[in-house]
Amino acid sequence: MTKESLKREITITSFGGAGGAVTGSCHLLESGKNKVIVDMGQFLGRDDLAQMKRKNARGDEILNKISEGNPPILITHSHIDHFGFLPAYFRRGHKPVVYATKEAVQLMESSLYRSARAQRKFVFKNSVAFDSDDVTKTLNNVQIVEPFEEIPITKDKKIRATFCLNGHTPDSTSILLKDRSTGKNILFTGDMGRPTQLVTGGYNRFSDRFPQDPINILVTESTCFPDTSVPFDERVAMFQREINEAFDRGSPVLMPCIQHRYMENLEIINRSQKEGKIPKKITFYRDGPALADISEVYKNYSPDCFTASYGNNPDCYKPEDVKNRFRLDNLQIISDHEKSLFFSRELGKQKGKTIIFTSGGMGDDGRALNYLGNNNYIKNSRNTVIFSCYQVPGTLGADLLQKQRDPCYRSARIVKLEGGSSHATGADEIFGFHQRFNLMELERIVIVHGEEESRKLMETKLRETVYGEYASIKLPDIGERVELN
Ligand SMILES: [Zn+2]
Ligand SMILES: [Zn+2]
């Protein structure tokens with residue numbers, strides 16, 4: 001190999017969100033001497049955490065390799081599996097420039113400080129993953145990017161990045177990297193939104209702004225590839241039916257939520273009450289600092305972050321009332337952990353119809369644990385727990401859904417609402433997203449962020465597409481270096 005071709009070698013190595021792990025996203029792009037990191041996420045759920053340990057994916061050896069030359073870190077969006085490891089990285093003395101959109105940074109800030117406070121409470125000082133000083137250091141190194149504006153991100157300005165809003169969450173982006181030294185354009189989809197979606201409007205709202213430079217390398221997520229997309233009306237009808245059935249059983253309804261999904265749930269309930277599909281008189285409780293934070297962050301977001309549409313109605317909201325969709329009458333706040341414990345114990349004595357939103361969308365962290373841990377709520381077969389987000393294998397939510405299949409199961413009813421994913425779902429939505437970009441010169445596809453079954457099915461189906469037929473497709477393991485030349 002000549003010196004010239006060595007210099008031009010371009011590779012990608014994934015240190016999470018690979019090898020069948022969905023979480024822990026972290027991808028290192030190397031082009032000659034230039035390096036760029038896309039995402040620095042936390043691993044979540046027992047299975048992915050076990051894989052992280054097995055591969056030592058956040059061990060010193062790997063972190064030293066990643067951080068060599070102090071490459072910049074680009075954050076696609078503010079889900080913890082994409083940015084949650086940042087302060088721990090800074091704690092080890094690295095000081096990279098972190099690029100993210102303003103909206104992502106707002107949510108990262110509140111999530112990270114909350115996590116630092118929680119660790120201080122529950123873990124001995126020496127063994128915390130990070131503290132609030134590390135969060136401050138991280139935030140001091142953040143550079144805000146404007147969506148759809150191309151900016152240089154390496155010192156020699158040879159690699160330029162464009163963050164493209166994609167509808168997965170109000171702050172989520174796909175990132176296009178243009179590398180002048182190799183002439184390659186690399187698109188990281190990050191977590192892709194759906195074509196139309198609550199709150200953000202979905203990728204249809206942004207796709208006419210996607211850059212049309214030819215993509216040579218596509219690094220795509222695959223989380224919901226095998227799933228079937230559920231039409232909006234059907235999904236909302238199921239939501240309403242489950243709530244009404246739970247009330248018929250005379251039980252309070254527990255809804256553990258992750259942040260953005262909480263806001264979507266508020267909107268569906270708001271509209272359902274207005275349309276008379278669920279009772280007008282319900283007492284709501286919000287139990288969880290994470291939910292308080294997202295409400296506050298959404299209050300500060302510009303109205304432009306929100307679509308005017310609801311379901312099939314494109315003009316549901318006027319510009320001045322786009323945020324009223326999140327309002328509920330009779331919403332009470334459970335402020336601290338002690339009150340939450342007390343409330344969860346007394347819950348059986350509630351009169352009237354009650355819905356409790358808790359933090360901890362997969363059941364095994366946050367205030368959800370006060371109800372789903374070993375106590376009265378979960379043991380009472382009249383009660384209903386409604387999960388509305390993807391339950392990562394190895395989480396309490398996934399375990400409860402599994403347990404319920406046992407004919408001897410006698411505890412609370414566990415419901416998982418289908419079709420509510422904020423990830424592009426199934427081949428049509430995912431390939432539809434890819435094709436909003438210019439794939440005429442596509443050479444390679446790297447499939448990440450999905451269970452093994454999803455990735456394999458996606459590979460098979462990609463080979464049947466016009467753009468996937470001639471591209472080489474790779475399903476990398478954690479730490480596996482993929483050559484992109
Ligand atoms: Zn996400
Ligand atoms: Zn993700």
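**Zinc sites, buried contacts and cysteines in a predicted model**

The backbone nitrogen of Phe130 lies 3.5 Å from a polar atom of the Gln119 side chain. The side chain of Gln119 also reaches the backbone nitrogen of Ala129, at 2.8 Å. A polar contact is a pair of N or O atoms within 3.5 Å; within protein, one must be able to donate a hydrogen and the other to accept it, and residues adjacent in sequence count only if both atoms are side-chain atoms. Gln119 is placed in helix H6 (residues 102-122); helices (H or I, at least four residues) and strands (E, at least two) are DSSP runs, numbered from the N terminus. Gln119 is buried, with a relative accessible area of 14%, where buried means under 20% relative accessible area, exposed over 50%, and partly exposed in between (1.4 Å probe, protein chains only). Not counting residues up to four places away in sequence, Gln119 touches Val128, Ala129 and Phe130, contact being defined as heavy atoms within 4.5 Å.

The structure is a predicted model, in which local features need pLDDT of at least 70 and side-chain atom pairs count only at pLDDT 80 or more, while totals for chains, interfaces and linings use all residues. Residues are numbered from 1 along each chain as its sequence is written, chains are lettered from A and ligands numbered from 1 in the order in which they are written, and side-chain values use heavy atoms, with hydrogens and water left out.

Donors are N, O and S atoms within 2.8 Å of the metal (3.2 Å for Na, K and Ca); water is not among the atoms, so sites may look incomplete. Four donors count as tetrahedral if all angles lie between 85 and 135 degrees; four count as square planar and six as octahedral if opposite donors are over 155 degrees apart and all others between 65 and 115; anything else is irregular. His79 lies in the loop between strand S4 (73-74) and H4, and His168 in the loop between strand S8 (159-165) and strand S9 (173-179), so this pair ties together parts that are 89 residues apart in sequence. His79 is buried at 16% relative accessible area, and His168 is buried at 2%.

The zinc ion (ligand 2) is coordinated at 2.2 to 2.4 Å by Asp81 (OD), His82 (NE2), Asp191 (OD) and His449 (NE2). Asp191 bridges the zinc ion (ligand 2) and the zinc ion (ligand 1), which lie 3.6 Å apart. The sequence spacing of the donor residues of the zinc ion (ligand 2) is D-H-x108-D-x257-H. Angles of 88 to 160 degrees between its four donor atoms make this arrangement irregular. Asp81 lies in helix H4 (residues 80-83) and His449 in the loop between strand S18 (444-448) and helix H16 (452-462), so the pair ties together parts that are 368 residues apart in sequence. Asp81 is buried, with a relative accessible area of 9%, as is His449, at 4%.

His449 also has a positive phi, near 50 degrees, in a residue other than glycine. Most residues other than glycine have a negative phi. Val199, which is not a glycine, has a positive phi of about 65 degrees. Val199 lies in the loop between strand S10 (184-188) and strand S11 (217-221) and counts as buried at 2% relative accessibility.

Leu63 is found in helix H3 (residues 60-67) and is buried, with a relative accessible area of 1%. Leaving aside neighbours within four places in sequence, Leu63 is in contact with Arg58, Phe85, Tyr89, Arg92 and His94. The C-alpha atoms of Leu63 and His94 are 9.6 Å apart in space, and the two residues are 31 apart in sequence.

A search of the whole structure finds zero disulfides, a disulfide being a pair of cysteine sulfur atoms within 2.5 Å. The sulfur of Cys257 is 7.9 Å from the closest cysteine sulfur, in Cys389, too far for a bond. For Cys316, the closest cysteine sulfur is that of Cys305, at 18 Å, also too far for a bond. Cys257 is buried, with a relative accessible area of 2%, and Cys316 is buried at 18%.
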